[in-house]
Amino acid sequence: MPHSSLCIGLSLAATWLSAGGWRHPASRVEEVHGPDFYAGVARRAEAACLDFVFRPDALFIDVPALEHGPGFSSLDPTLLLAALARDTSRIGLVTTAATSFNPPYVVARQIQSLDRISAGRAGWNIVTALDGAWNFGSAPMSTSAEAYRKASEFTEVVRALWRSFPQEAVLADRRTGRYADTSCIHAIGHEGEHFCVRGPLNVPARAGGRIPLFQAGASDAGRDFAARVADAVFAATPDIACGTQLRQDLRRRAAACGRSPGAVRVLPGLSLYLGASRAQARELYETTHAGQDSARKLNYASQALGLDLAQLAPDQPITPAMLGEPPAGARSPTHVELLRRLVVRERPSLNDLLSRPEAAGSAHWIVVGTVDDAFDEIIERIGAEAADGFIALPGGAPQSLDLLLDELVPRLVEAGRFRRGYTAETFAENMGIA
Ligand SMILES: Cc1cc2nc3c(=O)[nH]c(=O)nc-3n(C[C@H](O)[C@H](O)[C@H](O)COP(=O)(O)O)c2cc1C
């Protein structure tokens, strides 16, 4: 059975500004490169007792996309969350750091620092990175499976560094003049396929500190990696069956690694377009997505399906027999697979296909409706054992965020599905994994 209380996070990617959302008069888009915009949201998320706020990240910028919105232009997530640590006191702060390009020593130090600055509230979303190799030398992106081999070694190094200098070593004994018991501080002496790191780290870990690990990416290699190390996965599960299958599979894989089957919480992205009525929510969704770049979608979907969609009539069904080979070296095989799965299950017309989030390479669970609709869908997903909570991605306008925090979360509390207050100080304790 899923854990008794849901685990709920909120994306600080300001998803309610994506597509046309930033053009809304109340969007505050001018403020997205400063801390105050996010501090206000994080404080409200904390008032609703959410488990965490989460900042995704990319180490590149898509310049043409900037014509139409802020996209992935963003502050460094760990620095931003360090600033938010001063504005909040209980909520978890989950940063994203990619394993393909960064040196593990630097990431270990940054996240350990965030954990100290926030008094035990740091979390790390481990990504192998969607793209951006060109900013880190001349080597092209590795295949997904290779990238996960590197991610495993990277994570092993980071965890060893976190253990290398425990707080207990610090004596700060004024009387004897002994600052540290250096017998407790150890080099890690790591020499592996990708990294050579002697250690130890130069920031002590918090006493009993436990930094929750998140992972995103659901290919075979991604799932194996999550089963070995993650406390939670950020999952793209557009429908219930997909969520149930992923959750069952991760439970089986976690057990095969000697962990408890429930050790990896499945947290789907939940895109919420909320309104006072269904009609209002639908209008919000439609205005947000009107005039979206259909050439870009057609191109992405054609590549993912191995099929030239520009040749098809708008109402022609697309059948599994029409699918070509999946592209080699796709940015996210998880998203390619979700789009192909949609064709196999539903045989959509070209028009239907292009109206679905999968065709934009997103594939999150979407609710367009009232707070009641969202509540019912969440209860249904949990009942189907398709999720242990969710990461909220409010869409379209600030009203989706407002309705999430002011009405939907309180309804989940009333129904006994979510906490009334924080019971512990640290993020790991509040998640029940310390
Ligand atoms: C739901 C989801 C969220 C992701 N978020 C990020 C992110 O914030 N930054 C990033 O560089 N990569 C992100 N990724 C990419 C993954 O880390 C990974 O590089 C990619 O999905 C390839 O792994 P896969 O083969 O398992 O799909 C995300 C992937 C998924 C499925």
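Is Asp181 buried or exposed? At 18% relative accessibility, Asp181 counts as buried (buried means under 20% relative accessible area, exposed over 50%, partly exposed in between, with a 1.4 Å probe and protein chains only). The model is predicted: local features need pLDDT of at least 70, side-chain atom pairs count only at pLDDT 80 or more, and totals for chains, interfaces and linings use all residues. Residues are numbered from 1 along each chain as its sequence is written, and side-chain values use heavy atoms, with hydrogens and water left out.

**View 1. Asp181 and its contacts.** Asp181 sits in the loop between strand 6 (178-180) and strand 7 (190-191). Helices (H or I, at least four residues) and strands (E, at least two) are DSSP runs, numbered from the N terminus. The Asp181 side chain makes a polar contact with the side chain of Ser183, at 2.6 Å. A polar contact is a pair of N or O atoms within 3.5 Å; within protein, one must be able to donate a hydrogen and the other to accept it, and residues adjacent in sequence count only if both atoms are side-chain atoms. Leaving aside residues up to four places away in sequence, Asp181 touches Ala169 and Leu171 (contact means heavy atoms within 4.5 Å).

**View 2. Strand 13 and its pairing partners, strand 1 and strand 11.** In strand 13 (residues 389-394), 6 of 6 residues are buried. In a regular strand the side chains alternate between the two faces of the sheet. Gly389, Ile391 and Leu393 cover one side; Phe390, Ala392 and Pro394 lie on the other. Strand 1 (residues 7-11) runs parallel to strand 13, joined by 4 bridges. Strand 11 (residues 265-274) also pairs with strand 13 in the parallel sense, over 4 bridges. Pairing requires at least two DSSP bridges between two strands. Ala392 stands opposite Leu10 and opposite Leu270.

**View 3. The Phe60 and Trp134 aromatic pair.** The structure holds 13 aromatic pairs. Phe60 and Trp134 form one that is edge-to-face: 5.6 Å centre to centre, 70° between the planes. Rings of Phe, Tyr and Trp (its six-membered ring) pair if their centres lie within 6.5 Å; planes under 30 degrees apart count as stacked, over 60 as edge-to-face and the rest as tilted. Phe60 is buried, at 11%, whereas Trp134 is exposed, at 51%.

**View 4. Arginine charges over rings: Arg381 and Arg411.** The charged end of Arg381 sits over the Trp365 ring, 4.0 Å from its centre. Arg411 lies over the face of Phe375, at 4.1 Å from the ring centre. The criterion is NZ of Lys or CZ of Arg within 6 Å of the ring centre and within 35 degrees of the ring normal.
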